[in-house]
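Notebook open, structure on the other screen. I'm jotting down what I look up as I go.

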Amino acid sequence: MTRRLVLAPWTYSFIVALAMWIATTAYSGIGSAGSTLAAALAFGAFSVVIGTGQMLVIAAGSGNIDLSVPSVLTLAAYVSMAVMTGHDGMLVPGLVVALLVGAAAGALNFLAILLLRLPPIIATLAWSFVFQSFAFNLGGEATLKPPALLSAFTVWAPGGIEIMPLCVMGLTAAAVFVLRSTLWGRSLLASGQSEPAARLAGVRVWRVRLIAYAGCGTLAALTGFLLAGFSGGAALNMGDAYLLESIAVVVLGGTSVAGGRANAVGIWGAALFFNLMATMLNTFRIEAGIRLMLTGALIILIIAIVPKPRAA
Amino acid sequence: MSSIAAMSDHATNGTSASGRTATDLLEIRGLAKHFGAVQALRGVDFHLAGGEIVGLVGHNGAGKSTLTNIVSGSIAPTGGRFAFDGREPAIWSPAIAKSSGIRCVYQELSLATNLSAAENIRLMHRSLCGIGWRARARALVVATLDAVFPGHDIDPDRRLADLSIGARQMVEIACAFSQTDSAVRCVILDEPTSALGHEATTQLLAYVRRAAASGLALILITHRLNEIIEVCHRAVVMVDGRVVAEPETAGLTRTALVELMGTIEVPRQAGDRSAAGRQDRIALAHSGRDARDLAIRVAAGEIIGFAGLDGHGQRERLRAMFAAAENTAANGAAFVAGDRGTEGVFALWSIADNLTLRSLPSLSRLGLISLGAARRLAETWSAKLNVKAPSVDTPILSLSGGNQQKVLFARALASDARLIFLDDPMRGVDVGTKQEVYRLLRSEAEAGRSFVWYTTEFEELRNCDRLYVFREGRAVKELAGASIDHASVLEASFGGGDV
């Protein structure tokens with residue numbers, strides 16, 4: 001019995017992320033290594049939160065995807081900033097309202113899919129316009145300022161340890177636990193593999209998917225809440241970057257687009273990869289056009305070299 | 001140049017009904033075909049002369065479709081001799097069969113539903129090409145339809161998807177009888193009347209007689225035995241891949257024909273399972289969809305069988321009962337699917353994950369699964385069903401089909417459900433596994449569990465206490481205990497005299 005070393009698909013993005021970190025450090029000196037990683041962790045944390053939500057939806061079965069995450073993120077940020085009006089004392093109510101907005105948005109997405117039999121890609125895209133226009137009516141072009149405490153929390157790093165990314169790692173651990181050890185997690189992965197088989201095994205498929213979409217909306221809202229604190233307020237275009245990124249980190253992280261296989265830890269590798277690559281290409285002073293091209297080429301390369309998990 | 005087969009003056013040799021003549025169009029000796037371990041044909045002799053109509057009858061899996069598929073070239077035999085028009089072809093394929101004049105009308109319609117009748121007939125006839133093909137194709141399909149089904153109102157330019165199922169069947173039949181450059185010599189009709197109304201059926205049978213009179217050879221497969229007796233010269237009865245009788249239809253009765261199909265009678269060995277004593281504890285009662293559809297009741301500890309020809313509503317009723325039981329029965333119900341690939345197996349998971357899914361609710365508290373208990377359950381039941389794998393962590397797809405099916409049985413049996421539905425779960429499972437599972441089912445039933453079992457194999461019905469026989473979407477007959485035998489099941493499957 002020869003045991004060949006086979007790396008799990010999701011480890012590849014960690015490896016590439018590490019390579020980029022080393023390349024950047026080699027270029028700009030060892031002194032910058034710590035700050036490069038710190039920045040990647042902080043920015044990456046937002047991608048991880050929104051990506052974890054997207055993962056739940058994608059794992060729920062072939063065709064399931066949430067394209068409304070950027071506008072849910074924006075809307076939740078606007079609503080919560082409007083509730084808090086910059087007062088630290090309103091922090092908890094603001095968070096709760098944000099999460100409720102997200103959960104409701106996710107539920108609306110799924111109800112459109114279920115009741116109107118729309119394909120998820122259409123239903124969530126349509127809702128995303130609605131959510132975006134709510135945000136526009138609520139705040140207009142103005143940036144709503146976050147409470148000082150929220151901004152302080154997102155960048156809080158006692159003794160150089162960043163607290164917010166650490167909390168997000170806790171979220172990842174929770175997601176791993178939910179997928180492996182809870183009834184809902186198992187039911188989600190079963191529904192994602194085969195809807196008829198899951199149904200015949202007693203799984204209430206639509207209820208499981210409703211929770212997945214609501215969870216995705218909630219996590220998009222949480223991203224919006226934190227991002228508004230981090231970046232100095234809610235702005236209409238704050239979610240734009242996260243549409244493709246939320247999907248890309250999930251797929252690069254080892255979650256199957258066909259559903260039924262989810263990987264929460266892998267999202268971190270992919271998120272770090274995206275952010276470290278941006279840093280690296282900035283450090284090398286590569287112009288924007290080339291940068292985007294390299295980004296695309298690298299994504300294709302990683303997915304191409306990852307062994308396909310269909311050997312069984 | 002287009003004409004219709006029945007009107008052609010081809011080879012009218014006026015062969016008498018039976019009798020092996022030198023002019024046999026089709027001559028088959030010792031034909032055998034196996035699919036893996038399954039022996040579909042075990043040495044079949046068959047002959048067919050021009051001008052003859054032969055009715056092919058037998059229960060599901062008797063080998064009728066295999067035989068006709070070999071004739072039409074879609075599958076190759078594994079043994080025996082085959083001659084068409086006096087020659088043994090070196091190679092035989094659907095294209096060669098078609099150019100030799102063999103046509104088939106399938107039960108599952110084989111036309112392109114996104115095209116019109118005229119366009120479909122163009123697909124069959126390469127010669128309908130060049131400028132004006134559409135007009136010629138339309139003329140051909142209308143002429144053939146008029147000949148077979150006078151007074152039909154089918155628009156040859158409408159997409160088939162927009163036509164009724166009966167009209168589609170009529171187009172399919174017309175396509176088979178249509179003729180352009182090569183002559184039609186032999187037409188195989190597989191359940192052609194199942195989708196047709198009374199009038200169209202009468203028209204078709206009359207046309208079949210006329211076609212035979214003009215020299216065409218026809219094979220008719222139908223479960224409506226009266227049609228066989230009415231129109232065919234000779235019936236060929238198949239049982240378990242063999243031809244067991246070839247009676248002339250003159251003077252033949254329906255009952256005699258049914259008896260011929262049930263010639264292999266194995267004594268019932270179900271033992272002394274006394275289900276009658278448990279009839280007081282009803283696990284599920286499910287009413288039919290109308291007055292002619294029997295209500296089905298399942299008592300605790302009872303094994304109920306669903307019999308009848310495949311596709312007569314057993315599967316639909318099973319699912320409806322499962323859905324009802326899930327909501328009403330204590331601890332719900334469990335389901336063992338026969339279509340493993342799409343309805344049973346979770347392809348990305350291990351044996352343990354596949355086996356425990358149905359039991360997870362009872363192994364959880366507040367939504368948290370007890371992983372240790374789940375693993376013990378998987379190991380216990382994997383051992384109990386003798387699943388052959390290194391460990392319960394083995395991916396399910398690396399198992400053989402039979403072992404995958406055992407895991408699906410284990411999923412249902414390990415659960416807390418008292419009512420278990422089986423949807424023909426033994427297809428493609430080897431004999432040894434079957435015997436193991438039958439024993440387990442009986443001991444589970446002794447312990448008070450109830451089973452509702454749809455099977456396409458008659459032998460499996462011997463494990464049942466009571467049967468419901470299905471015909472044309474309804475449960476039409478209840479058989480219990482000693483009255484379960486092949487003949488009564490067949491009698492009920494083929495219905496009373498007037499079907």
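**Entry 1: the A/B interface**

I started with the area buried between chain A and chain B, which comes to about 2000 Å², with 64% of it from carbon and sulfur atoms. Buried area here is the accessible area (1.4 Å probe) that two parts lose on being put together, summed over both. Leu183(A), Arg186(A) and Leu200(A) supply 32% of what chain A buries against chain B, more than any other three residues.

Before going on, I noted that this is a predicted model, where local features need pLDDT of at least 70, side-chain atom pairs count only at pLDDT 80 or more, and totals for chains, interfaces and linings use all residues. Residues are numbered from 1 along each chain as its sequence is written, chains are lettered from A and ligands numbered from 1 in the order in which they are written, and side-chain values use heavy atoms, with hydrogens and water left out.

Next I looked up the contacts, meaning heavy atoms within 4.5 Å. I get 24 residues of chain A in contact with 27 residues of chain B.

How many salt bridges are there between chain A and chain B? The count is 1, taking a salt bridge as a side-chain nitrogen of Lys or Arg within 4 Å of a carboxyl oxygen of Asp or Glu. Arg186(A) and Asp353(B) make a salt bridge through their side chains, at 3.1 Å from N to O.

Which helices of chain A supply at least two residues each to the side that touches chain B? I found H7 (163–181), H8 (183–193) and H9 (195–200). Helices (H or I, at least four residues) and strands (E, at least two) are DSSP runs, numbered from the N terminus.

I looked at Glu246(B) with Arg234(B), which meet at 2.6 Å, N to O. Glu246(B) sits in the loop between strand S11 (242–245) and helix H8 (254–261) of chain B and Arg234(B) in strand S10 (residues 234–239), so the pair ties together parts 12 residues apart in sequence.

Are the two partners buried or exposed? Glu246(B) is partly exposed at 34% relative accessibility, while Arg234(B) is buried at 2%. The cut-offs are under 20% relative accessible area for buried, over 50% for exposed and partly exposed in between (1.4 Å probe, protein chains only).

Then I checked Arg466(B) and Glu302(B), a salt bridge at 2.7 Å, N to O. Arg466(B) lies in strand S20 (residues 466–471) of chain B and Glu302(B) in the loop between strand S13 (296–299) and strand S14 (303–308), so this pair links parts 164 residues apart in sequence. Arg466(B) is buried at 5%, and Glu302(B) is buried at 1%.

I also noted Arg449(B) with Glu444(B), whose closest N and O atoms are 3.0 Å apart. Shared partners join Arg297(B), Glu302(B), Arg466(B) and Glu478(B) into one salt-bridge network.

**Entry 2: strand S8 of chain B**

Why is S8(B) (residues 186–190) described as largely enclosed by the rest of the structure? I see that 5 of its 5 residues are buried, so that is the reason. Cys186(B), Ile188(B) and Asp190(B) are buried on one side, Val187(B) and Leu189(B) on the other.

For its neighbours I used the pairing rule, by which DSSP must find at least two bridges between two strands. S6 (residues 102–105) of chain B runs parallel to S8(B), joined by 4 bridges, and Arg103(B) has Val187(B) as its bridge partner. S9 (residues 217–221) of chain B also pairs with S8(B) in the parallel sense, over 5 bridges. There, Ala217(B) stands opposite Cys186(B).
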